[in-house]
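Biologist: I'm new to this one. Could you show it to me and let me ask how you know what you say about it?

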Amino acid sequence: MAKVNAITIQNGPKYPLVKVHMTGAYGGFHQTVAAVQAAMRQAGIPLQELSTFYEDAAGGDEDNLLRTCQRWVDIDLR
């Protein structure tokens, strides 16, 4: 089971300067995770953190995916 990140949405994302724009319907797990990881890579986030994010995102169901992404980066839903 993946480790749960202690950062909560109320505290803001772990990487608030990493912004991911998600418009319209979500493309599912793989497309969402790929978009977040691409933004994290572009921001220079270490590979170990990318792996930890993936484990965190994969540790829950689809309903938990958005909340997990919001714990890690700034998600723009407009």
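Biologist: Why is Lys19 called partly exposed?

Modeller: Lys19 has a relative accessible area of 46%. Buried means under 20%, exposed means over 50%, and partly exposed is in between, with a 1.4 Å probe and protein chains only. So 46% puts Lys19 in the partly exposed class. Keep in mind that this is a predicted model, where local features need pLDDT of at least 70, side-chain atom pairs count only at pLDDT 80 or more, and totals for chains, interfaces and linings use all residues. Residues are numbered from 1 along each chain as its sequence is written, and side-chain values use heavy atoms, leaving out hydrogens and water.

Biologist: What makes Asp74 and Lys19 a salt bridge?

Modeller: Their closest N and O atoms are 2.8 Å apart. A salt bridge needs a side-chain nitrogen of Lys or Arg within 4 Å of a carboxyl oxygen of Asp or Glu, so this pair qualifies. The two partners sit 55 residues apart, Asp74 in strand E2 (residues 73-76) and Lys19 in strand E1. Strands here are DSSP runs (E, at least two residues), helices are runs of H or I with at least four, and both are numbered from the N terminus.

Biologist: And which class does Asp74 fall into?

Modeller: Partly exposed, because its relative accessibility is 27%.

Biologist: How many salt bridges does the structure hold?

Modeller: There are 3. Another one joins Glu49 to Lys14, with closest N and O atoms 2.7 Å apart. Glu49 lies in helix H2 (residues 47-58) and Lys14 in the segment before strand E1 (15-21), so the pair ties together parts that are 35 residues apart in sequence.

Biologist: Why is Glu49 counted as buried?

Modeller: Because its relative accessibility is 16%, and that falls under the cut-off for buried. Lys14, at 32%, is partly exposed.

Biologist: What about Arg71, which residue does it pair with?

Modeller: Arg71 forms a salt bridge with Asp56, and the closest N and O atoms are 3.3 Å apart. Arg71 belongs to helix H3 (residues 62-72) and Asp56 to helix H2, 15 residues apart. Both of these residues are buried.

Biologist: Stepping back, what pattern does the chain follow?

Modeller: Along the sequence, the pattern is β-α-α-α-β, which comes to 3 helices and 2 strands. Of the 78 residues, 37% count as buried.
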